[in-house]
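User: I'd like to learn how to read a few features of a structure, step by step. Could we look at it together?

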Amino acid sequence: MTEHFDALETRSAAEREAAQMAALSAQVAHAKSATAAFAELLADVDPATVSSRDALARLPVIRKHALLERQKASRATGGDPFGGFSATVRGPQMQRVYASPGPIYEPEGTARDYWRAGRALYAAGFRAGDLVHNSFSYHMTPGAFILESGALAVGCTVFPAGTGQTEQQLQALTELRPDAYTGTPSFLRILLEKAQEAGVDTRCLRKASVGGEACPPSLTAWFQEQGVAVYQTYATADLGLVAYETPAREGLVLDEGVIVEIVRPGTGDPVPEGEVGELVVTTLNPVYPLIRFGTGDLSAILPGTCPTGRTAPRIKGWMGRADQTTKIKGMFVHPAQVADIVRRFPEVLKARLVVRGEMANDQMCLQVEAREASEGLAGRIELAVREVTKLRGDVQVCAPGSLPNDGKVIEDARSYQ
């Protein structure tokens, strides 16, 4: 029995990079020609020149709030509900439309395993003939369909349990005796605890793919004690599968159908490997060709490759949210403003705005790593802070590498007690 979903997982890094960069240029051309949004956003971009990561990094990042704003503006005038981002229209090539909170509407194409989740489920041990108890929601959002399509691609049979009705789900689990589970880790725990209370045998359930919320190592260990091997799948309604856990349990391996960058929050600037930043994804999906989509999630690239033989890059997993907008003395301060200040000073490598104090007594200090602390640097930065944020703040110049590597651009250390 093969240990890999397909040959793409074990190709050389150089082969993957060459193939993805060639596909990137074609995807940019497709997005410009097939969608109104990217025709506008990339109006001055020659797709033929976007064939490297450096070229990709020069394109604008499209964040979720901007996607929502474009969709709302378009819908308000009776226009395209997708805000001009979908490359297909309703009909034979669009089998479903979903709504995520916002609402943001997402199209689903007709390709087999459209969301590419089969790769993640295969890594989690799902195999042809397994019965999968799918407890993701089938209501409006695509979560259940993402995992169901992946299970079908592997050759599994799916029980569409959906959410809620715990007692009925437990009955189905008892009588159908599924091999695997897909859903949130919290609901899986509820099912297993209810089964224990009722004296129900759940030894049939041996593997699970979980997502939608964090699954810390302590919870993974608890599931292991119950005889269930749980693996995390990171997918979104906009992008489909982004990354997935393997039996090595060393981070999450990136999917073969996406190009991932880690950028400094509030910017589109890639950070050095290993540094925490915002996960920005370009999907090679022709139906919904999102270019440099900012997920708002923090992560970091891990060095090396997965011990399972999969050669794609890996990320550490979900490490928090990149949107660290904070209100200080009644004024909102955004990570993008911190980035604006940093860009004004070439000697500054990195910055972190720390807000301290008690209620109604906010004090902020911009900590900056600098190659060399030239005379008067702190004073000049203080003036820039006041100009950009309209607030007064101190500046502390630090040695390179001294600030925490946690992706935070704004740290709210205030006390509200």
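Analyst: Happy to. Let's begin with burial: a residue is buried under 20% relative accessible area, exposed over 50%, and partly exposed in between, using a 1.4 Å probe and protein chains only. Helices (H or I, at least four residues) and strands (E, at least two) are DSSP runs numbered from the N terminus. In helix 10, the buried residues are Pro335, Gln337, Val338, Ala339, Ile341 and Val342. This is a predicted model, in which local features need pLDDT of at least 70 and side-chain atom pairs count only at pLDDT 80 or more, while totals for chains, interfaces and linings use all residues. Residues are numbered from 1 along each chain as its sequence is written, and side-chain values use heavy atoms, with hydrogens and water left out.

User: What covers the buried residues of helix 10?

Analyst: For covering, think of contact, which means heavy atoms within 4.5 Å. The cover includes strand 17 (331-333), strand 18, strand 19, helix 11 and strand 21.

User: How do I read the sheet order, and which strands stand at the edges?

Analyst: Two strands pair if DSSP finds at least two bridges between them. Here an open sheet of 4 strands has the order 20-19-18-21, with mixed pairing. Strand 20 (394-398) and strand 21 (410-412) each have a single partner strand, so one side of each lacks a neighbour in the sheet. From one strand to the next, the twist averages 20°. Strand 18 (residues 348-356) and strand 21 run parallel and are joined by 3 bridges, and Leu353 stands opposite Ile410 in strand 21.

User: At what angle does helix 10 run to strand 18?

Analyst: Axes are lines fitted to C-alpha atoms, for helices over the stretch in contact, and angles run from 0 to 180 degrees between N-to-C directions. Helix 10 (residues 335-343) runs at about 135° to strand 18, lying across strand 18, strand 19 (363-370) and strand 21. Helix 11 (residues 377-389) lies across strand 18, strand 19 and strand 20, at about 135° to strand 20.

User: Now strand 13, please. How many of its residues are buried?

Analyst: The count is 7 of its 7 residues. Phe293, Thr295, Asp297 and Ser299 point one way, whereas Gly294, Gly296 and Leu298 point the other. Strand 1 (residues 62-63) runs parallel to strand 13, with 2 bridges, while strand 12 (residues 277-283) pairs with strand 13 in the antiparallel sense over 4 bridges. Gly294 is the bridge partner of Arg63 and also of Val280.

User: What is the relative accessible area of Ser299?

Analyst: Ser299 has 2%, so it counts as buried. A polar contact is a pair of N or O atoms within 3.5 Å; within protein, one must be able to donate a hydrogen and the other to accept it, and residues adjacent in sequence count only if both atoms are side-chain atoms. A polar atom of the Ser299 side chain lies 2.7 Å from the backbone oxygen of Gly317.

User: And how are aromatic pairs described?

Analyst: By the distance of the centres and the angle of the planes. Rings of Phe, Tyr and Trp (its six-membered ring) pair if their centres lie within 6.5 Å; planes under 30 degrees apart are stacked, over 60 edge-to-face and the rest tilted. The count comes to 7 aromatic pairs. Phe38 and Phe85 have ring centres 5.4 Å apart and planes at 85°, so this pair is edge-to-face. Both Phe38 and Phe85 are buried.
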